[in-house]
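Reader: I would like to learn how to read the packing and the charged pairs of a model such as this one. Could we go through it feature by feature?

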Amino acid sequence: MASSIDFVQYIVDQCSEAGEVVAKKMFGDYGIYCNGKIFGLICDDKFYLKPTDEVRSLLRTVEFRPPYDGAKDYFYIADVDNRDYLSRLVRETCKVLPEPKSKRKK
C-alpha cells in the first residue's frame, strides 16, 4: 500500500519549521528532505526517521522498524501531530547527517 498524498503533505507541513522540507516520490513511496538532506521516509502512511545517537534521547518512544521489506531499521515516529516536536527531531537529525554529494555535470 502506498502513502496518500494527504499524509505526505501533512508530514511535510509538520516538519516545516526545521527548514525547507520536501518529499520526493521514490519506489512507490516517499523520501523526505530538509535543506537538501534526506532525513527520513514515508511508507504506507507511516513516518520513519534516520536513526542517530543524537536524536535517540529526544524521542518520546524509541521504536525501530524497517520502512519496507529488506530495509535497515529506522526510528518509527508514531506521534506526528506535534509540529514543534517533529521539527526539532528533523533539525537535530540533519545537523549530524553528511552534506549531500553534489551531482556531476555530464
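Reader: What covers the buried residues of α3?

Author: Let me begin by saying that this is a predicted model. The cover over the buried residues of α3 includes the helices α1 (5-14) and α2 (53-56) together with β2 (29-34), β3 (37-43), β4 (46-49) and β6 (74-77). The residues of α3 that are buried are Tyr-85, Leu-86, Ser-87, Leu-89, Val-90, Thr-93 and Cys-94.

Reader: Which residues have the most contacts inside the largest nonpolar core?

Author: The general idea is that nonpolar side chains tend to be buried together in soluble globular proteins. Here the largest nonpolar core has 25 residues, and Phe-39, Phe-47 and Ile-77 are those with the most contacts inside it. Two or more residues come from each of α1, β2, β3, β4, β6 and α3, and α3 gives the most, with 5 residues. Another core, of 5 residues, lies apart from the largest one, and Leu-41, Cys-43, Tyr-74 and Tyr-76 are among its members.

Reader: How many salt bridges does a search of the whole structure find?

Author: Side chains of opposite charge can pair when their charged atoms come close. The search of the whole structure finds 4 salt bridges. In one of them, Glu-99 pairs with Lys-37, with the closest N and O atoms 3.4 Å apart; this pair links distant parts of the chain, since Glu-99 belongs to the segment after α3 and Lys-37 to strand β3, 62 residues apart.

Reader: Is Lys-37 buried or exposed?

Author: Lys-37 is buried, because its relative accessible area is 10%, whereas Glu-99 counts as exposed at 60%.

Reader: What separates Lys-95 and Glu-92 in helix α3?

Author: They are 3 residues apart in helix α3, which means a separation of about one helical turn. Lys-95 and Glu-92 form a salt bridge whose closest N and O atoms are 3.1 Å apart. Lys-95 is exposed, with a relative accessible area of 59%, while Glu-92, at 21%, counts as partly exposed.

Note on methods: Residues are numbered from 1 along each chain as its sequence is written. This is a predicted model: local features need pLDDT of at least 70, side-chain atom pairs count only at pLDDT 80 or more; totals for chains, interfaces and linings use all residues. Side-chain values use heavy atoms; hydrogens and water are left out. Buried means under 20% relative accessible area, exposed over 50%, partly exposed in between (1.4 Å probe, protein chains only). Helices (H or I, at least four residues) and strands (E, at least two) are DSSP runs, numbered from the N terminus. Contact means heavy atoms within 4.5 Å. A nonpolar core is a set of buried Ala, Val, Leu, Ile, Met, Phe, Trp, Tyr and Cys residues joined through side-chain atoms within 4.5 Å. A salt bridge is a side-chain nitrogen of Lys or Arg within 4 Å of a carboxyl oxygen of Asp or Glu.
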